Amino acid sequence: MAIISSLFRPFTRFVKLSRLRVWKLSVCRRIRWVSFPVPRCYTSGASESSVDHLNIGLEKYKNLQKYFNRRLRATYSRFSNIPNDSVVYGHHHVYFIESDGIYRMDRRQSDPEPEQVLDLGQFVSETVQKVRLSPQEKYLAVTLKSNHREEPRCVVVRLEEGNSPHLNPLDVKLTLDNVISFEWATDEVLFYTTLEGLRCSRVFRLDLTSSGARISSVFEETRPDVFVEVSLSRDRHILTINCNSKTSSEVLLVDTTVSTLEPFMVQPRLLDLLYHVEHWRGWLIILTNTGPEQEYQVVQAPLSETSMASWVPLFAPGFGFAVKDMEVVGDHCVVIARVPTGEFILTVVPLTNPKEAHTIQLPSWACAIETKRPGLTDENNVLDFLISSPVHPPMPYHLYPKDGLLLSGTEEGISPEKQSNCITTRLEACSQDKTLVPVTMFHAVPVKCLKTAPLLVHVYGAYGRDLNMEFCPEKRLLLEHGWALAYCHIRGGGERGLSWHRQARMEGKQRGVEDLLACLSHLFSLGVSSPSLTAITSCSAGAVPVGALCNTHPHLMRAVTLQSPFLDVLGTMKDPSLPLTVEEREEWGDPVVNAKHRLTIASYCPLHNITPQRYPSVLLTAYSEDARVPLAGVLKYYEQLKKAIHAHFTIHPASECEPTHNVVLNIQPGTNHLRPDDFELMLEEVALQLAFLYAELGLDPPRPSRRRKR
């Protein structure tokens, strides 16, 4: 999703990964599981024995991990040919990514041969992030990222052939460091932003001429809580400089049809005003939160007069509908939204006559939508997109807004629901304050048959972001072996609009914990699984409600897996020298100057509420150089949780038949925040998590069916 996602910047404790794409680009080599000493600068409060125990703790799961590594490899291979957005269409060539480089084929030839454009062999252990073609296919710009660097770098390659019939894939025009977003305004001008630490505040302009390259500064944001990025309108007529905090926006425009390419302001920043801009025939089509209850609506303004005083409403969704994205396709605005029950719909708004807006229902199993960026020669009258769910592979669809026609891109239009033998169930749990909290479930048998099924619960609930529900092969593997998967859309996320986030910010954070409790209780009351067969998984800021629930209701789950977990909220938010502390006060509050904020955070902070009791088994995965979540907080949590469990069983010895409660710490090298870009490392990590779940829930690993020998 191009628009709303730009309002949730990478400086939050969240990163979205595309694992299938990593699988396709991976180099088939085996990388051993690595144990390494923790750098001293991160180990305050942790003893050397904690690192030694890390090796002992992981050893318990090694055999199962090897088994699941094989099963996962086979599962990923099954889905290696599903649609993706890694193909880029130019005027005369099609560009695609392989493990060893970027290639292109000439569309004008009947039997074209692949031609390498960029040799990735010269960039060791780096993966492709984004690819951008200049308007007339003169240059290619690519960002590459290494596991050991937070900041990607941008490589610019000249594509014009001149007198040479073939390109030299080693001939890189230039390399730009720390580039996070970039767009071509013309064939010779590239605008880009740089990441410094975790801040992205500066915009630069690269001019490519026959005599060389010139870089000049275009814009610099001074507020520390604002993240800056550049993007291009769908029709490529305007380039936007988007300056977003978590609660306000400011956008500058560059008209790419004007030779000066000077940016000008759309609307100066106002408190609590969010907006994003698209272009249509000399008008700005703006998605902004000026609708009823401060939710999103679509407005328009002339390009000659862009301030808020000129904004005229075009479309506002109905009550309870949450806008997720907006695309301008031809003479239509396509609004992607969730209905109150959680399903996705498309609302097509004719820009020449907005009153004739009509709605198109998407398949009920759809939980994620990814719109395709149009190629240089694509007509802007079709919206191509992929829909998926955690257990349904991406399925291509094509929307023709003018005709109101939605076509499936699969053979015979076979429903993935039928292909996968999967049932999608949408529920609502009643929270403590009577708010209904959505839950999405995936299962292979009817709900009444799930009493003895293992249950994996997913949760996030922060920054107004929806819970990630893109296709994930390991979730499909679990489903096929009898697991039920539940996704709890607690407050703090964005599933039910901006107000859903506002209700669980700062002093309202406890509501997310109450929502998670309500979801688990509701599932058990329906006969779905049981606490002894239930595990919860989350990442980053999603660890806050999970860790808080472990402190207050540890009996509701048997195991927990947390990745890059944010567990020391109070300590982190009290230290302004740490990355993101200042930027994220709008989300968590400021415990230094606000006593209410301090008391609220202290009441739920996972680290500061650990108490001697019987906790579930916990797997903590962290990365040594993760700047978003300080490793010191994870190590403190690990040590205190081990001490609390030991103190409890010293006073209340466990019986011989009671399962062991394990706390396992898996620290990996690199700057990753979630999973490694390297496929082999990612596979090892996921295999360990599955091994942990099966071991701690006391499950026998699934065995593939074997043909009986005659």
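This is a predicted model: local features need pLDDT of at least 70, side-chain atom pairs count only at pLDDT 80 or more; totals for chains, interfaces and linings use all residues.
Close-up 1. Strand β29 (residues 423-430) and strand β30 (residues 436-443) run antiparallel and are joined by eight bridges.

**Close-up 2. The crossing of helices α3 and α5.** Helix α3 (residues 62-78) and helix α5 (residues 473-480) have axes that come within 9 Å and cross at roughly 110 degrees. Because angles of 65 to 115 degrees count as roughly perpendicular, α3 is described as roughly perpendicular to α5. On the α3 side the contact is made by Arg71, Leu72, Thr75, Tyr76 and Arg78, and on the α5 side by Pro473, Glu474, Arg476, Leu477 and Glu480.

**Close-up 3. The salt bridge between Lys60 and Glu696.** The side chains of Lys60 and Glu696 meet in a salt bridge with an N to O distance of 3.5 Å. Lys60 belongs to the loop between α2 (48-59) and α3, whereas Glu696 belongs to helix α13 (residues 679-696), so this pair ties together parts that lie 636 residues apart in sequence. Glu696 has a relative accessibility of 5% and therefore counts as buried, the cut-off for that class being under 20%. Salt bridges that share partners also bring in Arg558, joining Lys60, Arg558 and Glu696 into one network.

**Close-up 4. The salt bridge between Glu680 and Arg73.** In this view the side chains of Glu680 and Arg73 form a salt bridge at 3.0 Å, N to O. Since Glu680 is part of helix α13 and Arg73 is part of helix α3, the pair ties together parts that are 607 residues apart in sequence. Glu680 is buried, its relative accessible area being 4%, while Arg73, at 27% relative accessibility, counts as partly exposed.

**Close-up 5. The salt bridge between Asp207 and Arg205.** The side chains of Asp207 and Arg205 meet in a salt bridge, with 2.9 Å from N to O, and both Asp207 and Arg205 are buried. Side chains of opposite charge can pair when their charged atoms come close. The structure holds 26 salt bridges, among them the one shown here between Asp207 and Arg205.

Methods
Residues are numbered from 1 along each chain as its sequence is written. Side-chain values use heavy atoms; hydrogens and water are left out. Axes are lines fitted to C-alpha atoms, for helices over the stretch in contact, and angles run from 0 to 180 degrees between N-to-C directions. Helices (H or I, at least four residues) and strands (E, at least two) are DSSP runs, numbered from the N terminus. Angles under 35 degrees count as roughly parallel, over 145 as roughly antiparallel, 65 to 115 as roughly perpendicular and the rest as oblique. Contact means heavy atoms within 4.5 Å. A salt bridge is a side-chain nitrogen of Lys or Arg within 4 Å of a carboxyl oxygen of Asp or Glu. Buried means under 20% relative accessible area, exposed over 50%, partly exposed in between (1.4 Å probe, protein chains only). Two strands pair if DSSP finds at least two bridges between them.
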